[in-house]
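Visitor: I am new here and would like a friendly tour. Could you show me what we are looking at?

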2 protein chains.
Amino acid sequence: MASFNHFLSLDEETASRIAELFGTLSDTTRLRIISVIFTSEQSVGAIAEAINLSESAVSHHLRSMRQLRIVSSRREGKHIYYRLDDSHVADLFQKGLEHIKHD
Amino acid sequence: MASFNHFLSLDEETASRIAELFGTLSDTTRLRIISVIFTSEQSVGAIAEAINLSESAVSHHLRSMRQLRIVSSRREGKHIYYRLDDSHVADLFQKGLEHIKHD
């Protein structure tokens, strides 16, 4: 594989950033938020209702996730809508799910 | 998407197992181990040398990773060889790397 040497020389900063990304995903509430916005953007209120958590708690998680570009947001009037930032995040979630489901 | 309802109803046990998987991957040493065995199996000694860590420390990480089926092992004489357990793990690593590299 052409990228072998690239992977072999995974530098500390890159490793550290990937570790931070996985660390942010190692939380059941954040995973449930991801599952809610997996196919379409949702308002903070709708997410909070779907996972039965307060809007302030959900907002707190969404801010952390936005910093790592796991989610992105769009304001419309009084509401803020969140969606997965890109397909990598959806892939990460799906591969994680597939991994624990396969036997 | 047909699987929407499935994701929406992410149950606590499934969320917890995915969180545990990502938590195990949120460690720079483990990510460097994965990078070393990304394309081919390697002995514990070779992995330790590649990432400049003691064999006992590497073995400790590999045991945790084997429990979560991130890696699997094969014994040949005195040596134990480790490889990524399945393509999901390689995909997780690659998607994580792609995510932090894209701007």
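This is a predicted model: local features need pLDDT of at least 70, side-chain atom pairs count only at pLDDT 80 or more; totals for chains, interfaces and linings use all residues.

## A walk through the two chains

Visitor: Which residue is the bridge partner of A:Q42 in β3(A)?
Guide: Looking across from A:Q42 into β3(A), the bridge partner is A:Y82.

Visitor: Which residue in the turn between β2(A) and β3(A) has a positive phi?
Guide: β2(A) and β3(A) form a hairpin, with two residues between them. In that turn, the phi of about 65° belongs to A:G77.

Visitor: What pattern does chain A follow along the sequence?
Guide: Chain A has six helices and three strands. Its C-alpha trace spans about 50 × 35 × 20 Å along the principal axes. Read along the sequence, the pattern is α-α-α-β-α-α-β-β-α.

Visitor: What percentage of the residues in chain A are buried?
Guide: For this count, a residue is buried if 20 or more other C-beta atoms lie within 10 Å of its own. Chain A has 103 residues, and the buried ones make up 33%.

Visitor: Now for the second chain. What kind of axis relates chain B to chain A?
Guide: Chain B superposes on chain A with an RMSD of 0.0 Å, through a rotation of 180° and 0.0 Å of shift along the axis. That relation is the one given by a two-fold axis.

Visitor: Do the copies meet through the same surface or through opposite ones, and what percentage tells us?
Guide: The contact takes 36 residues from chain B and 36 residues from chain A. The copies meet through the same surface, because the share of chain B's interface residues that are also interface residues in chain A is 100%.

Visitor: Which helix gives the most to the side of chain B that touches chain A?
Guide: On that side, α1 (4–8), α2 (12–25), α3 (28–36) and α6 (87–101) of chain B each supply at least two residues. By class, the side has 19 nonpolar, ten polar and seven charged residues. With eleven residues, the helix that gives the most is α2(B).

Visitor: At what angle do α3(B) and α4(B) cross?
Guide: B:R32, B:I33 and B:V36 in α3(B) meet B:I47, B:A50 and B:I51 in α4(B). By class, this contact has five nonpolar, no polar and one charged residues. The crossing is right-handed. The axes of α3(B) and α4(B), residues 44–51, come within 10 Å, and the angle is roughly 115°.

How values were computed:
Residues are numbered from 1 along each chain as its sequence is written. Chains are lettered from A and ligands numbered from 1 in the order in which they are written. Copies are superposed by least squares on the C-alpha atoms of residues with pLDDT of at least 70 in both. Two residues are in contact if their C-beta atoms, placed from the backbone, lie within 7 Å. Helices (H or I, at least four residues) and strands (E, at least two) are DSSP runs, numbered from the N terminus. A residue is buried if 20 or more other C-beta atoms lie within 10 Å of its own, exposed if 12 or fewer, and partly exposed in between; C-beta atoms are placed from the backbone. Two strands pair if DSSP finds at least two bridges between them. Ala, Val, Leu, Ile, Met, Phe, Trp, Tyr, Cys and Pro count as nonpolar, Asp, Glu, Lys and Arg as charged, and the others, Gly among them, as polar. Axes are lines fitted to C-alpha atoms, for helices over the stretch in contact, and angles run from 0 to 180 degrees between N-to-C directions. A crossing is left-handed if the near helix is turned anticlockwise from the far one by less than a right angle, and right-handed if clockwise.
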